[in-house]
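Me: I'd like to walk through this structure with you, one question at a time. Shall we have a look?

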Amino acid sequence: MSVLSVQSVSVSYGGVHALSDVSLEVRAGQLVGLIGPNGAGKTTFVDAVTGLVPARGRVELDGRDLTGRPPHTRARRGLARTFQSSELFDDLTVSENLLVTADRPSWWTALGETLGRRTPANPAVAEALAVLGLQDLADASAHELSQGQRKLVGVARALAARPLVICLDEPAAGLDTAESAELGRRLRAVADAGTALLLIDHDMSLVMGICDHVVVLEFGRVIASGPPARVRTDPAVIAAYLGASATTGTPETP
Ligand SMILES: Nc1ncnc2c1ncn2[C@@H]1O[C@H](COP(=O)(O)OP(=O)(O)OP(=O)(O)O)[C@@H](O)[C@H]1O
Ligand SMILES: [Mg+2]
């Protein structure tokens, strides 16, 4: 069964049809890629699914209808996201950044804080740090981190809420090739550990290398959907990217 099931979602901004009848499924343990040229509607899709913009269509999480629910209800039911311009709290440590969203911060967290403990007392924080390989950085200040480490902490922060699915909006933006590859290995580990992921990114080697299934948007519509090997050779996808590179100079092609 799908963890996230989105059926015929459409969004208009005034006269602009940003999304038209987009459907997408993400199953447990699956890593699904959502790609497309700039302005294709990828962020709008995540905004619609998480309830940040009004949308037509239906959104189900783990078989429960979320259509029309406000963002905080969707988050509490297990729908997490990261933002395209995700920021950390630079004055806090890595584990403190995770505690902000962590599942059920409870008496042991409060006790740990009272006793001045710096290591994470919250099991959801500890688990998220472990899956993303950040244990050694738990007590580091966020402002000391490299760009790649910051992105991993952003994913860990979403994971610490123990969601059913995380929508990741361009987590590899600004990373070099090695950092992006490391992020990819960690995202695969998150999915393999059971949290479904929807990955938006322009880094084609990242998306094609780790995703089980890829959906391609162009002008707000799905133009292709399938396993990476099939999508990357799809003539409509190649045409969409060549068209984008011809008009914007974008170098990435699938
Ligand atoms: N708040 C808004 N008001 C009006 N139009 C918007 C708004 N947000 C997005 N759009 C338009 O909707 C379309 C889809 O934008 P969106 O940001 O979802 O694309 P994207 O695929 O995420 O692009 P990118 O790869 O650049 O992040 C674009 O035409 C964009 O200009
Ligand atoms: Mg976007």
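Reply: The buried residues of α5 pack against α3 (94-99) and α6. This is a predicted model, where local features need pLDDT of at least 70, side-chain atom pairs count only at pLDDT 80 or more, and totals for chains, interfaces and linings use all residues. Side-chain values use heavy atoms, with hydrogens and water left out, and residues are numbered from 1 along each chain as its sequence is written.

Me: Which residues of helix α5 (residues 123-131) are buried?
Reply: Buried means under 20% relative accessible area, exposed over 50%, partly exposed in between (1.4 Å probe, protein chains only). Helices are DSSP runs (H or I, at least four residues), numbered from the N terminus. In α5, the buried ones are Ala 124, Val 125, Ala 128 and Leu 129.

Me: How many degrees around the axis do they cover?
Reply: The arc is that of the directions from the helix axis to the C-beta atoms. These residues lie on the same side of α5 because their arc is only 130 degrees.

Me: Which residues touch the most other members of the largest nonpolar core?
Reply: A nonpolar core is a set of buried Ala, Val, Leu, Ile, Met, Phe, Trp, Tyr and Cys residues joined through side-chain atoms within 4.5 Å. The largest one has 45 residues, and those touching the most other members are Leu 98, Leu 187 and Leu 199.

Key:
Chains are lettered from A and ligands numbered from 1 in the order in which they are written. Helices (H or I, at least four residues) and strands (E, at least two) are DSSP runs, numbered from the N terminus. Contact means heavy atoms within 4.5 Å.
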